[in-house]
Amino acid sequence: MSESSVTTQIDDNDLLGSLVGEHDVNLRHLQDAFPRSRIYLRGNELKLKGDEAEVLRRVFNELITLAEQGQTINSRILDQTIDMVRSNVRPSKVLTHEILCTARGRVIRPKSSGQMNYVDSIDRNVITFGIGPAGTGKSWLAVAMAVRALQANEVERIILTRPAVEAGEHLGFLPGDLMAKVDPYLRPLYDALCDMVGSEGMERLLENGSVEVAPLAFMRGRTLNSSFIILDEAQNTTPAQMKMFLTRIGFNSKAVVTGDVTQVDVVGGRSGLTHIEDLLAGITGIGFVYLSKKDVVRHRIVVDIIAAYDRAGVVSPSVE
């Protein structure tokens, strides 16, 4: 049986240089990723041969589109493009989808097909559950979507909350009143919001009540209308706390619930996030997105660390 062979022509020399990389580093990266195929560059013509020649052609076409749209083609973009093309997802649509421009001018975009599904689910549904390991952008993207909704006047306020469960440490020794004690625990949400609107913008939003950050216990008895509510570290809720939270949602509100079911610190280990889809399946307006190691957007080494701990069956404290 003859092997597949396809050809791609790249007439723009600047574009070609961006694709192949300095000293052909990108071509070598792609060749390593497709060991059963071969890549030949002759002038402005790429000839692709082997079992996955057609997949490689699609990868190159997506990379061309990304380069034309101003993306820098590096090893991270190459790996993301390969993973998405193999999953029949177009990276040129995912990696150029703009969610928000931060106070510093940084554009926040999904960086994987899983993250794109997560963002789409938040757009479509009243409640979205984002479940997956640390580093997959669950909290970060949820905060970005909340800021976008607030800036577009789709909601009147953002509410950020977490269950007050310590990840192997104790909050009681900290000085101050209750809010002073939980402030360090809620710091990751503060930091994400501050990155997006700046420190001065953050202070204004807190002062005028457009943003509220509070432990989950403060939600009891309230009805949250015209709000974008994020429940972070939801694996540390009890089933009763999860029910309490979900029944706080009022008119014109949206909620995102994030968590990692492998990092449960709640006493007794009975988490309100475990088996939640079985309980709520079929309810219109609720979406579930499961992120994986493929969606980790921190340093590459984080993916390897997560995989190593998974193989060993070791869980880690709930620090996102």
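This is a predicted model: local features need pLDDT of at least 70, side-chain atom pairs count only at pLDDT 80 or more; totals for chains, interfaces and linings use all residues.
Trainee: Why is Val257 called buried?

Mentor: Buried means under 20% relative accessible area, and Val257 has 0% relative accessibility, so Val257 counts as buried. Its place is in strand E10, which covers residues 254-259.

Trainee: Which residues does Val257 touch, not counting residues up to four places away in sequence?

Mentor: Contact means heavy atoms within 4.5 Å, and the residues that Val257 touches on these terms include Ile127, Phe129, Leu231, Met242, Phe245, Leu246 and Leu273.

Trainee: Which residues of helix H9 are buried, and what covers them?

Mentor: In helix H9, residues 239-246, the buried residues are Met242, Met244, Phe245 and Leu246. Their cover includes strands E6, E7, E9 and E10, together with helix H10.

Trainee: Why is Asp11 called exposed?

Mentor: The word exposed requires over 50% relative accessible area, and Asp11 reaches 65%, so Asp11 counts as exposed. You will find Asp11 in the loop between strand E1 and helix H1.

Trainee: What makes the surface patch of Asp11, Asp12, Asp14 and Glu68 negative?

Mentor: Asp and Glu count as negative, and the patch is formed by Asp11, Asp12, Asp14 and Glu68; therefore the patch is called negative.

Trainee: What share of the chain is buried?

Mentor: Of the 320 residues in the chain, 48% are buried.

Technical notes
Residues are numbered from 1 along each chain as its sequence is written. Side-chain values use heavy atoms; hydrogens and water are left out. Patches are made of residues with over 30% relative accessible area and no salt bridge: like charges are joined within 9 Å, nonpolar side chains (Val, Leu, Ile, Met, Phe, Trp, Tyr) within 5 Å. Accessible areas come from the Shrake-Rupley method with a 1.4 Å probe; for residues, only the protein chains shown count as cover. A salt bridge is a side-chain nitrogen of Lys or Arg within 4 Å of a carboxyl oxygen of Asp or Glu. The place of a charge is taken as NZ of Lys, CZ of Arg, CG of Asp or CD of Glu. Helices (H or I, at least four residues) and strands (E, at least two) are DSSP runs, numbered from the N terminus. Buried means under 20% relative accessible area, exposed over 50%, partly exposed in between (1.4 Å probe, protein chains only).
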